[in-house]
Amino acid sequence: MRIVVTGMGIVSPIGSSIDQFWNAAINGNNGIGPIQCFDASNNRSRIAGEIKDFDPKSFLSNKQIEQTDRFTQLAMHAANQAIADAGGLEYYKPRRLAVSVGSGMGGFATFESSAERKLNNRSIPPFTVPRTMANSAAAWIATIHGLKGANLTCSTACSSGGNAIGMGLDLLRTGKADAVITGGAEACVLPLTIAGFEALYALSTGYNNDPQHASRPFAKGRDGFVMGEGAGILVLEREDSAKQRGAKIYAQLAGYGCACDAGHIVAPDMDGQVAAMDAAIQDAEITPERVDYINAHATSTPLGDVIETKAIKQLFGKHAKEIIISATKSMIGHTIGASAAIGSIAAIMSLQTGMIHPTINLDEADSECDLNYAPNIALTKPLNTALCNAFGFGGNNVSLVFSTPII
Amino acid sequence: MNTENIEAKVIEFIASKVEDVDASSITAASEFEALGLDSMDRVQLLFDAEETFGVTFEDDEVKDFHCVKDIIDYINNHQPSSSSSEND
């Protein structure tokens, strides 16, 4: 049974439609700047990939806005695009339409603002809990579109979106749904969250006066990730029914692999990453040599980018040098639970167009990062198989394999 | 703020919060149910009213609120006196 992607939607720091995002990505546009949404002058990391010009009033009523956190609003906007792009889902019965969304932090904007009010002995908004809960994005997507099948949420930190898409694949393969709206959403450019990642020394702090060069995966001088926000949503369905209803097919979601390090709660582990990529490739019933593009997890941390490079070399051997790798985070920062969904969209667009977006800010690579990362300029190469990596706190490793519709 | 002003401002506030209701039809006698406000909407409405009018609704006093006038009366009855208006 082949599962295919028939719709896509995105909200990102470099574009809030697929066309806008992809044109910006191919041109290597940079979405990183000084934090605008709160006064970050007391933070050590004062830069982020924020979404500009996002107006929830353009698609939500005042009441809906009051009842939703920003991460849910981003997810809904991306889902609206994806469902419209798929030509609507009226072909299927509502009980057969599922949702599977990932988010690392959930409605943390609401949590932080309500916590601040409570600590100051002020009353808190009555929708604090339903706005904060991690499954509110999935629930609202279902509510708006009448999707009455399984409604799942996955929270595996930075791999949440990848796991959610994999869970969507499983729902379709096991016959528990006919179509799945799936992906990830995150909106945690927030004082407490930024401070929390700062405390782990995970964020870039050396480029506050030069934000455009801060997110620099695989490059010399990288000093941590840059927080980003966004949402990416896919519509998945079985190839036979997609064809029957005349849907356009972007790509096949051919494989999903996941593995837990069961070691350190935050440190990456090469073996787990190899295991996830290997499992995804086996699930897709291909050999590693078939992979010709990797949308890397590549967050721009000193350790993470080296470990991922080593994992790719370990699994692919000599073929690793033939694979083109690129890091979407170089342009938008790390969108946490949305990152795998956005990376998947980039991978699918590469399969569609034969274009690979660059890894920007890569003038000089780290000596331990010695693969082809498409530095600074987009590449053109017909592709058949793309792999998208996502690794998260908790030792979670996820890989997805996408291929051109017919392989 | 005098009583008439409060009534006008509360009605204006309610009009900004309800959907699919003709704003000109809202009066002090309008009942929440007729304005399409379910129980959670009313909780949100009172929270927003606290922010807008600088009052604090006591739970046991608001549980029987059912119309716009209840909010108007509450605000009128909880106006700071002139001698303690230093924060107005």
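This report walks through the salt bridges and nonpolar cores of a predicted model.

## Salt bridges within chain A

Let's start with the charged side chains. Across all chains, a search of the whole structure turns up 20 salt bridges. One of them joins A:Arg70 and A:Glu229, with N and O 2.8 Å apart. A:Arg70 belongs to helix 3 (residues 70-85) of chain A, while A:Glu229 sits in the loop between strand 7 (227-228) and strand 8 (230-238), so this pair ties together parts that are 159 residues apart in sequence. Are the two partners buried or exposed? A:Arg70 is partly exposed, at 27% relative accessible area. A:Glu229 is buried, because its relative accessibility of 4% falls under the 20% cut-off.

Another salt bridge brings A:Glu368 together with A:Lys310, at 3.6 Å from N to O. Here A:Glu368 is found in the loop between strand 12 (355-356) and strand 13 (379-380) of chain A, and A:Lys310 in helix 11 (residues 302-316), so the pair links parts that are 58 residues apart in sequence. A:Glu368 is partly exposed at 41% relative accessibility, and A:Lys310 is partly exposed at 39%. Salt bridges can also share partners: A:Arg96, A:Asp178, A:Arg238 and A:Asp240 are joined into one network in this way.

## A bridge between chains

Now look at A:Arg122, which forms a salt bridge with B:Glu51; their closest N and O atoms are 3.4 Å apart. This pair crosses between chains. On one side is the loop between helix 4 (108-119) and helix 5 (128-132) of chain A, which holds A:Arg122, and on the other is helix 2 (residues 39-53) of chain B, which holds B:Glu51. Both ends are partly exposed, with relative accessibility of 43% for A:Arg122 and 40% for B:Glu51.

## The nonpolar cores

In soluble globular proteins, nonpolar side chains tend to be buried together. In this model, the largest nonpolar core has 48 residues. Which residues have the most contacts inside it? They are A:Met8, A:Phe21, A:Leu234 and A:Phe402. Helix 13 (residues 339-353) of chain A gives this core its largest share, 9 residues. At least three core residues come from each of domain 1 (3-244) and domain 2 (257-403) of chain A.

Zoom in on A:Phe21 to see some of its surroundings. Leaving aside residues up to four places away in sequence, A:Phe21 touches several residues, including A:Ile10, A:Ile14, A:Thr328, A:Ile342 and A:Ala346. There is also a second, separate core of 31 residues; among them are A:Phe71, A:Ala179, A:Ala187 and A:Val235.

Notes
Residues are numbered from 1 along each chain as its sequence is written. Chains are lettered from A and ligands numbered from 1 in the order in which they are written. This is a predicted model: local features need pLDDT of at least 70, side-chain atom pairs count only at pLDDT 80 or more; totals for chains, interfaces and linings use all residues. Side-chain values use heavy atoms; hydrogens and water are left out. A salt bridge is a side-chain nitrogen of Lys or Arg within 4 Å of a carboxyl oxygen of Asp or Glu. Helices (H or I, at least four residues) and strands (E, at least two) are DSSP runs, numbered from the N terminus. Buried means under 20% relative accessible area, exposed over 50%, partly exposed in between (1.4 Å probe, protein chains only). A nonpolar core is a set of buried Ala, Val, Leu, Ile, Met, Phe, Trp, Tyr and Cys residues joined through side-chain atoms within 4.5 Å. Domain bounds come from an automatic or database domain assignment. Contact means heavy atoms within 4.5 Å.
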